[in-house]
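Me: I am new to this structure and would like to go through it step by step. Could we begin?

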Amino acid sequence: MAHPESFDLAHLGGIELFTPKFDESLHFFRDICAMREVARVGDSAYLRTWDEYQLYSLKLTASDTNGVGRTLFRTTSPDALDRRVAAIEAAGLGHGWREPEVGVGRSYEFEDPDGHLMGIYYDTELYVPDDEDRPALKNQASAYPGRGINARRLDHINYLAADVDAAGDFWQDVMHSRESERVRMDDGHFAARWFRFHQKSYDVVYSEDWTGERGRFHHFAFAPDSREDILKAADICLENGIYIEYGPYKHAINQTFFLYVWEPGGNRIEFANAQARLAAGPGLSDRAVEPGRARQGPGLGHEDRGHLPHARHAVRGEPGGDRPAGPRRALSAGSGCRSIDRHPDHRLQARQEVTRPMKNHRGEGAASVDPIGDGFHVPRRVVTGHDAQGVSVVVSDGPVPVTRALPDDGVAFHEVWATDAVPADIHAGAEDPTAGSITVPPPQHGTRIRINEFLPGHLDERGLQSPVHRTESIDYGIVLEERSH
Ligand SMILES: [Fe+2]
């Protein structure tokens, strides 16, 4: 049920972001987004946007993976903090109090039903600008930087969740936030839910994680001043080799104008502006969740012809933004390679098979952390189908689900799709056929689409690059990309 009388939560306070490429990520946030580094503790840099009254909003931490750590939320008063802590403890999700740390006073740590690590606090350190950063206007936190994207403030965070219904119920019933929109699927479950603390259209979002993993991250968003800043942000990212995943574009949900990019560490970052829209009236949440709303698509144009979720992955591994500076490599597409299953030599010991789920803040899913290392590029795969009404939909969009790498040989196999019979199962909701272990060749009446990636510098004494093979199959080898030394 909604709690229109409760405004205990003030705003999203701070996010810890993991990056396997600390220096490059720091360059992105500090120099391209125009954030300011205010503290450095251990492997973490604390950064702020120019109009945040608190000390910082982003804690960037060097890690062996990407993803999100603890998210902090500020309450509106000490009493509000006590009320929410009591509710969290009653829900059995509390971890306990933490001592004051950089920028914030005592905080209470907890997790949501999906396992995301969070904390709430009231006491905070106000930002005091120095001579270099002093604004002309007294009601502005610091001087307008006038460089790069000029991200003004942290806006919202979007988590992936295995159970969006349960996560949303937590934010509604325990945290007393308001639901502004939701997307109901044909079977009745919710694929995405948007929550707001006050009049801003949303602060916390959950999108369904089609992999079933818990505790993963989809993106967080900065708000620049205007829609025009987002258009300019696309130019700036293009100019700086930052991978643009989507946009600039407009979501139908909450009417946000947005741009999705991948920062160099592989995390999806959004620049979003809700323009003048506010959810000002009480009861708007109730109206938004009427069943008639369920067919609302997530965006305008072609995005609106489907409905959430696009089953998007959390971003992980090597983002496309690395490509301009990445190592030289050759890619080819074909169905065959030497069957490493039949060659239990040293390469078998060295092989690394990777499935896509990302490690969460507690290290769960560590086996899925990309062990391939620098050099390989995980392809993006988009699977399309149609729903029960015959409407074309994007079934999934993200990195290929399975990769096997032979680092010693400089070779990786990225499994794109597979069929095992004729006629093949073309049902849009069918289980992902690449979920099984990679085998070569395809079975009788079956097919394989696989991208084989060969890094330079791995030729043997014969001038050949392993693996080579011979199978009773027709292989179509297509060179997708080639780079010379
Ligand atoms: Fe967003």
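Me: Is strand 3 mostly covered or exposed, and how many of its residues are buried?

Reply: This is a predicted model. In it, strand 3 is mostly covered, with 5 of its 5 residues buried. Ser 44, Tyr 46 and Arg 48 lie on one side and Ala 45 and Leu 47 on the other, and both faces are covered.

Me: Which sense does the pairing of strand 2 and strand 3 take?

Reply: Strand 2 and strand 3 pair in the antiparallel sense, over 5 bridges. Within that pairing, Ala 39 has Tyr 46 in strand 3 as its bridge partner. The hairpin of these two strands has 2 residues between the strands, and Gly 42 takes a positive phi near 60° there.

Me: And what about strand 3 and strand 4?

Reply: Strand 3 and strand 4 also pair in the antiparallel sense, over 4 bridges. Tyr 46 has Lys 59 as its bridge partner in strand 4.

Me: What is the strand order of the open sheet?

Reply: The open sheet has 8 strands in the order 2-3-4-1-5-8-7-6, and the pairing is mixed. Strand 2 (36–41) and strand 6 (94–98) stand at the edges; each has a single partner strand, so one side of each is left without a neighbour in the sheet. From one strand to the next, the twist averages 20°.

Me: Where does a parallel pair come in?

Reply: Strand 1 (residues 9–19) pairs with strand 4 (residues 58–62) in the parallel sense, over 5 bridges. Leu 17 has Leu 60 as its bridge partner in strand 4.

Me: Which strands does helix 1 touch?

Reply: Helix 1 (residues 22–32) packs on the sheet and touches strand 1, strand 2, strand 3 (44–48) and strand 4. The direction of helix 1 makes about 160° with that of strand 4.

Me: Changing topic: which residues touch the most other members of the largest nonpolar core?

Reply: That core has 74 residues, and those touching the most other members are Phe 29, Cys 33, Leu 47, Val 261 and Phe 271. Strand 15 (residues 257–262) gives the most to this core, with 6 residues.

Me: What is Val 261 in contact with?

Reply: Leaving aside neighbours within four places in sequence, Val 261 is in contact with Cys 237, Ile 242, Tyr 243, Ile 244, Glu 245 and Ile 269. Another core, of 9 residues, lies apart from the largest one; among its members are Phe 376, Val 378, Ala 405 and Phe 413.

Me: Now Ile 149: why does this residue count as buried?

Reply: Ile 149 counts as buried because it has 29 C-beta neighbours inside 10 Å, and the threshold is 20 or more. Its place is in the loop between strand 8 (117–121) and strand 9 (153–161).

Me: What does Ile 149 touch?

Reply: Not counting residues up to four places away in sequence, Ile 149 touches several residues, including Ile 32, Cys 33, Ala 34 and Phe 271. Two of these, Cys 33 and Phe 271, were named above for the largest core.

Me: Last topic: what pLDDT does the protein average?

Reply: The average is 78, and 77% of the residues score at least 70. Over residues 286–372 the pLDDT is below 50, although this stretch has 237 contacts in the model beyond near neighbours in sequence.

Me: How many helices and strands are there in the protein?

Reply: There are 6 helices and 24 strands. Of the 485 residues, 45% are buried.

Note on methods:
Residues are numbered from 1 along each chain as its sequence is written. This is a predicted model: local features need pLDDT of at least 70, side-chain atom pairs count only at pLDDT 80 or more; totals for chains, interfaces and linings use all residues. A nonpolar core is a set of buried Ala, Val, Leu, Ile, Met, Phe, Trp, Tyr and Cys residues joined through C-beta atoms within 7 Å. A residue is buried if 20 or more other C-beta atoms lie within 10 Å of its own, exposed if 12 or fewer, and partly exposed in between; C-beta atoms are placed from the backbone. Two residues are in contact if their C-beta atoms, placed from the backbone, lie within 7 Å. Two strands pair if DSSP finds at least two bridges between them. Axes are lines fitted to C-alpha atoms, for helices over the stretch in contact, and angles run from 0 to 180 degrees between N-to-C directions. pLDDT is the predictor's confidence in each residue, from 0 to 100.
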